[in-house]
Amino acid sequence: MIGYIAGALTTVAFAPQLIKALKTGSTKDVSLLMLFCSTSGMALWLIHGIQVNDTAIIAANTISVILAASLLGLKIKNDYVNLFLSFNRKERGFENKNASLRK
């Protein structure tokens, strides 16, 4: 019983942050390293739960990995992919402007 309660509490911990990130579209205040470590740790706990056939560990960490990986994906998309794309657009615009000046 304690395993299910502990699993429920740790699983619910990521839900408010994910909901906030989805509503605001911002993940700037979330640490990438924390998300990576948490998601990796939960995935390893899930594997361990499968190996020892513990349903409390499996259930809690399946949901936790989904929530944490979703937040990690949003973090990467919002903070890094969009940064790269905006940098790439600026570079192309800068090159196009220089090309038109050379003509």
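## Asn 53 and its loop

Asn 53 is exposed, its relative accessible area being 62%. In this predicted model, the residue sits in the loop that joins α3 (32-52) to α4 (55-102). Asn 53 is not a glycine, yet its phi is positive, at about 55°.

## Overall fold

The protein chain contains 4 helices and 0 strands. Read from the N terminus, the order of its elements is α-α-α-α. The chain has 103 residues, and 26% of them count as buried.

Side chains of opposite charge can pair when their charged atoms come close. A search of the whole structure finds 1 salt bridge. Asp 79 forms a salt bridge with Lys 75, and the closest N and O atoms of the two are 2.5 Å apart.

Both partners belong to helix α4; because Asp 79 and Lys 75 are 4 residues apart there, about one helical turn separates them. Asp 79 is buried, and Lys 75 is buried as well. Here, buried means a relative accessible area under 20%.

## Nonpolar surface patch

Leu 32, Ile 76, Tyr 80 and Val 81 make up a nonpolar patch on the surface. Together these residues have about 310 Å² of accessible area. Helix α4 provides the largest share of the patch, with 3 residues.

Tyr 80, one of the patch residues, is located in helix α4.

## Largest pocket

The largest pocket holds about 200 Å³ of space. Three helices, α1 (2-12), α3 and α4, each supply at least two residues of its lining. Among the lining residues are Gly 3, Ala 6, Gly 7, Thr 10 and Thr 11. Met 42 and Trp 45 also line the pocket, as do Ala 56, Ile 57, Ala 60, Asn 61 and Ser 64.

By residue type, the lining of the largest pocket divides into 6 nonpolar and 6 polar residues, with no charged ones.

Notes:
Residues are numbered from 1 along each chain as its sequence is written. This is a predicted model: local features need pLDDT of at least 70, side-chain atom pairs count only at pLDDT 80 or more; totals for chains, interfaces and linings use all residues. Side-chain values use heavy atoms; hydrogens and water are left out. Buried means under 20% relative accessible area, exposed over 50%, partly exposed in between (1.4 Å probe, protein chains only). On a 1 Å grid over the protein atoms alone, a cavity is a set of points where a 1.4 Å probe fits but cannot get out, and a pocket is an open set with protein on both sides within 12 Å along at least five of seven lines; lining residues have an atom within 4 Å of a point. Grid points are joined across faces, edges and corners, and a volume is the space filled by probe spheres set on the points. Ala, Val, Leu, Ile, Met, Phe, Trp, Tyr, Cys and Pro count as nonpolar, Asp, Glu, Lys and Arg as charged, and the others, Gly among them, as polar. Patches are made of residues with over 30% relative accessible area and no salt bridge: like charges are joined within 9 Å, nonpolar side chains (Val, Leu, Ile, Met, Phe, Trp, Tyr) within 5 Å. Accessible areas come from the Shrake-Rupley method with a 1.4 Å probe; for residues, only the protein chains shown count as cover. A salt bridge is a side-chain nitrogen of Lys or Arg within 4 Å of a carboxyl oxygen of Asp or Glu.
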